[in-house]
Amino acid sequence: MNFIEAENLKFSYDGTNNVVDIPKLFIEKGKHTAILGHNGSGKSTLAKLLSGILLPTSGKVVVNSYDTTDESKFYDIRKSCGMVFQNPDNQIVASVVEEDVAFAPENLGIIPVRIREIVEECLFAVNMTEYSRHSTYKLSGGQKQRVAIAGILAMQPECVFFDEATAMLDPIGRKEIMSAVDRLNKELGITVVSITHYMNEAVEADRVIVMNKGEIVMDGDPVSVFSMPEELQGYGLALPQVTELFYHLEKDGYKLPRGVLHTMQAADAIENYVKGKNDARS
Amino acid sequence: MLSEITLGQYFPGNSVIHRTDPRFKFVLTIFYLVLIFMAKSDVAFLFVLLFTASIILLSRISLKLILKGLKPLVFIIIFTAVINIFWISGETLLVDFWIIKIYAEGIASAVFLVLRLICLITGTSILISYTTSPVELTDAMERLFSPLKKLKVPVHDFSMMMTIALRFIPTLIEETDKIMSAQKARGADFESGSIIRRVKAMIPILIPLFVSAFRRADDLAQAMECRCYMGGEGRTRMKEMKANPLDFIVTAVMVVAFAVVLLLNQLTIAFSI
């Protein structure tokens with residue numbers, strides 16, 4: 001089932017140059033989709049179009065069966081499709097963690113007792129329960145971003161967009177966010193769309209979309225996308241470390257499988273390769 | 001330097017004062033201010049000091065933080081004390097040297113004033129900012145002023161603005177610090193030169209600060225919209241404000257304190273104003 005459907009989607013900021021130009025795009029429900037692209041490839045704009053923050057210049061975006069141009073459904077779309085932004089400092093409204101998480105349900109007019117429950121559930125989901133009464137500004141970047149995620153989860157959305165949500169974080173913070181994202185997707189069954197330029201994050205997705213100059217140039221599961229290193233590099237993207245290593249080894253004449261994405265997989269592949277060679281020799 | 005400002009900060013906790021209804025706290029703070037200025041005799045004043053000390057103890061806020069909060073006001077405190085010592089004349093002359101005449105009354109009123117200022121600052125910051133989260137505080141104000149809504153005063157909008165302003169104070173302080181360091185690294189000099197030069201040296205700090213504040217505002221507005229913010233209409237609150245017995249006990253304590261001060265004003269050991 002498709003959660004978001006876009007058709008003949010075109011968008012331009014100035015009226016002449018199309019920043020996004022996509023004939024057809026579906027985002028499947030319950031899946032984790034990663035959108036990759038170098039700076040200025042239109043990936044953030046696409047995310048804003050798909051979540052209804054921006055309205056298309058022409059064409060149509062349907063989110064959860066609501067057309068994004070339908071003003072009467074504005075808050076229904078917001079509610080079903082949350083977005084976590086890049087800078088955690090700029091999306092936290094309140095000074096105390098639990099009050100910030102409560103912001104969205106308060107806006108939606110939910111009764112106080114239920115808000116309290118929602119806040120506790122959401123803080124638990126991002127593993128921030130013990131910080132519920134802390135000041136937001138004293139938290140680390142990763143913790144702030146997890147509060148921001150909890151704030152979005154509190155709307156009980158069916159889909160969450162991550163617009164380079166890890167770009168401003170240190171490696172530890174990035175790991176925290178990635179595990180939180182994984183949890184949302186796998187345990188809570190929330191559709192996740194993450195916009196990123198960290199390849200290691202895209203590797204974890206079910207589907208990878210690569211954008212270049214506003215168009216979708218590659219679309220498939222991570223294994224098939226990362227099996228085409230030359231093409232990816234042509235779009236200004238780096239490869240995941242392991243894939244890059246294998247790519248160079250292959251160039252040097254080693255016959256290793258393509259589309260290896262994880263360190264452990266790579267270790268196994270190399271082990272098999274070495275074993276195979278030894279067997280052939282003996 | 002800037003990170004030392006504790007003004008307007010909130011220190012989470014679970015003390016009696018933290019748990020008191022913010023609306024009560026707001027009104028009681030006004031009472032407390034009146035109380036400080038009502039104490040006229042030294043005995044009554046001693047009571048006010050004890051009262052303030054017990055507030056500090058009850059709030060469980062460390063003395064270090066409170067002293068830190070007083071630090072930016074040291075100059076004003078000393079200044080007013082000095083003016084009082086030299087300007088106020090009375091009957092008992094203590095020092096008479098050239099044109100300097102210091103009277104016992106002057107010293108007494110200086111001591112009173114200094115203590116009053118300290119009580120004023122610590123008392124209000126404990127009762128309001130240190131123990132009340134900004135959201136609670138602005139919520140309480142919104143509710144206290146809600147009758148004004150009938151007069152088309154945008155009470156909710158003001159309280160939302162306050163919430164966000166308070167939330168961004170530490171963020172912007174941090175940012176100012178960063179910009180200052182960056183400008184210093186480029187050779188900017190903020191410490192020497194005439195006042196005009198120093199004010200001019202602030203321009204390269206203020207411009208980036210404003211630009212980034214506008215960018216933040218833009219981002220925040222989008223994030224708030226994404227979280228379904230639609231203004232005050234139909235909004236609910238996680239923390240319901242219901243007066244509970246504790247609030248009435250606290251109020252009773254304040255009323256008793258009032259009576260005690262009025263009574264002790266009749267008693268004087270050495271001085272009264």
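Which residue of β8(A) does Val160(A) stand opposite? Select both strands: Val160(A) stands opposite Val192(A).

Before going on, note that this is a predicted model, in which local features need pLDDT of at least 70, side-chain atom pairs count only at pLDDT 80 or more, and totals for chains, interfaces and linings use all residues. Residues are numbered from 1 along each chain as its sequence is written, chains are lettered from A and ligands numbered from 1 in the order in which they are written, and side-chain values use heavy atoms, without hydrogens and water.

**Stop 1: strand β8 of chain A**

Select residues 191–196 of chain A, which form β8. Strands here are DSSP runs of E of at least two residues, and helices are runs of H or I of at least four, numbered from the N terminus. In β8(A), 6 of the 6 residues are buried, so the strand is largely enclosed by the rest of the structure. Buried means under 20% relative accessible area, exposed over 50%, and partly exposed in between (1.4 Å probe, protein chains only). Thr191(A), Val193(A) and Ile195(A) point one way, while Val192(A), Ser194(A) and Thr196(A) point the other way.

Helix α7 (residues 171–186) of chain A carries the chain from β7(A) to β8(A) in a right-handed β-α-β crossover (clockwise from the first strand over the helix to the second, with the strands pointing away from the viewer).

**Stop 2: aromatic rings**

Rings of Phe, Tyr and Trp (its six-membered ring) pair if their centres lie within 6.5 Å; planes under 30 degrees apart are stacked, over 60 edge-to-face, and the rest tilted. The count over all chains is 11 aromatic pairs. Select Phe11(A) and Tyr13(A): their centres are 4.9 Å apart and their planes at 90 degrees, so the pair is edge-to-face. Phe11(A) is buried at 7% relative accessibility, whereas Tyr13(A) is exposed at 57%. In chain B, select the aromatic cluster of Tyr32(B), Phe47(B) and Phe51(B).

Technical notes
Pairing = 2+ DSSP bridges.
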